[in-house]
Amino acid sequence: MMADFVTGRWSAELEDLFLRVSGRFGRVEVRRRMRDYVRGDPDELRDDVQSYVAEKLGAPGGVLIVDDTGFVKKGTVSAGVQRQYSGTAGRTENCQIGVFAAYASSRGRALVDRELYLPKSWMNDGDRCRAARIPAERGFATKGELAHTLVLRALASSLPIAWVTADSLYGQEWRFRHLLEQAQVGYVLAVPKSQQLKSLFGIWRIDQVIADAPDDAWQILSCGDGAKGPRVYDWAAAKLPANLVFDPDPPTHERWVLARRSLRRPDEIAYYLAYAPVGTAVERLVGVAGSRWAIEECFQAAKGQCGLDQYEVRRYPGWYRHITLAMLAHAFLAAMAAAAVKKGAAETTQPAWPRSPWQRSGVCWLLSAPGRRTAVAAH
């Protein structure tokens, strides 16, 4: 009875608080998101983020990108914290690791999902988990299994996803690739150089296959623009034989091997496995591979502008609430940036000149304004 009384009193007081501050939020959608955050419904808020990103940034050919990032922490009580390798820091640190999904299209990019990685040292310690408010039903899951969960949720959302890309930690897992193939979603996934390629004719390492590629199999292609301009590499690509057991006849998709070689340091080679609709050009596969950098840009922007890593919460629910609200803020900024680019492009579109503005006058060219007789001389 006492518990029911306390719960009811908390709910009533919370409703009064919502009424008090609701006028600070101009739209009903924003008020609802604020309520979800305070009430502790980060999963519903995550669904809102995905819907918002689908509306503002969704486009055919959209790419879902999976990667993890570290949150350096002190102490031992923050949920999931331990000494572990952080790609963000580039070394082993006392940190939390979050596995994230980002969505990227021609309209922009934003983070759309997240899961906190909980090491076995945590999941084997019931008292520690209870103190951090980790749900009893939450079991141990590898980063690859968390990625599996993120992809399934994204595919069930309104996000228009044509491709998935990820680094070799995720790409090397055949279950992850099989999930995407079963869903008929294209992928370009990085894999380690030791990745095995299996067929009816034998088993080879991917680096050995690429080492046998003739010189004319390599071509210089850009995989997208970076901070310093186009990211240009040598690329080699080859189709793999169809899987006679699992593939339909005729096949709807084809499997590929790809390799990316640095122009300045040709001994630096990255390897990929791809699955793409029949007829897909190599240039498209290269573009999908290059889109993986978009999630790094999302991490940098969300941490620098939205406080993704600026939190002092220690318990499991608090991490999800903070991270999800920071994702919402980042999605808003990404949507506004995309709208500004679109508006700027429209404003800078100039009307056609009614006649050529270039007029010759003796030894000078005159540049006249459209529809006017006045001109400016340039020698």
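Display the whole chain first: of its contacts (heavy atoms within 4.5 Å) with a separation of 6 or more, 59% are between residues 24 or more positions apart. The model is predicted, and local features need pLDDT of at least 70 while side-chain atom pairs count only at pLDDT 80 or more, although totals for chains, interfaces and linings use all residues. Residues are numbered from 1 along each chain as its sequence is written, and side-chain values use heavy atoms, with hydrogens and water left out.

With the cartoon shown, the chain presents 12 helices and 15 strands; these are DSSP runs numbered from the N terminus, helices being H or I of at least four residues and strands E of at least two. Of the 379 residues, 41% count as buried, that is, under 20% relative accessible area with a 1.4 Å probe, protein chains only. A surface view covers about 21600 Å² of accessible area, 54% of it belonging to carbon and sulfur atoms, as computed by the Shrake-Rupley method with a 1.4 Å probe.

Next, select helix H6 (residues 143-156) and helix H8 (residues 174-182). Their axes lie 10 Å apart and pack at an angle of about 10 degrees; each axis is a line fitted to C-alpha atoms over the stretch in contact, and angles run from 0 to 180 degrees between N-to-C directions. H6 is therefore roughly parallel to H8, a term applied to angles under 35 degrees. Show side chains at the contact: H6 contributes Ala-147, His-148, Val-151 and Leu-152, and H8 contributes Arg-175, Phe-176, Leu-179 and Leu-180. These residues divide into six nonpolar, one polar and one charged; Ala, Val, Leu, Ile, Met, Phe, Trp, Tyr, Cys and Pro count as nonpolar, Asp, Glu, Lys and Arg as charged, and the others, Gly among them, as polar.

Keep H8 selected. Its buried residues include Phe-176, Arg-177, Leu-179, Leu-180 and Glu-181. After H8 comes Gln-184, with a positive phi near 60 degrees.

Finally, colour the aromatic rings. The structure holds 11 aromatic pairs, defined for Phe, Tyr and Trp (its six-membered ring) by centres within 6.5 Å, with planes under 30 degrees apart stacked, over 60 edge-to-face and the rest tilted. Tyr-316 and Tyr-320 form a tilted pair, with ring centres 4.8 Å apart and planes at 50 degrees. Both belong to helix H12 (residues 316-347), where a spacing of four residues separates them by about one helical turn. Tyr-316 is buried at 11% relative accessible area, and Tyr-320 is buried at 5%.

Terms used
Angles under 35 degrees count as roughly parallel, over 145 as roughly antiparallel, 65 to 115 as roughly perpendicular and the rest as oblique. Buried means under 20% relative accessible area, exposed over 50%, partly exposed in between (1.4 Å probe, protein chains only).
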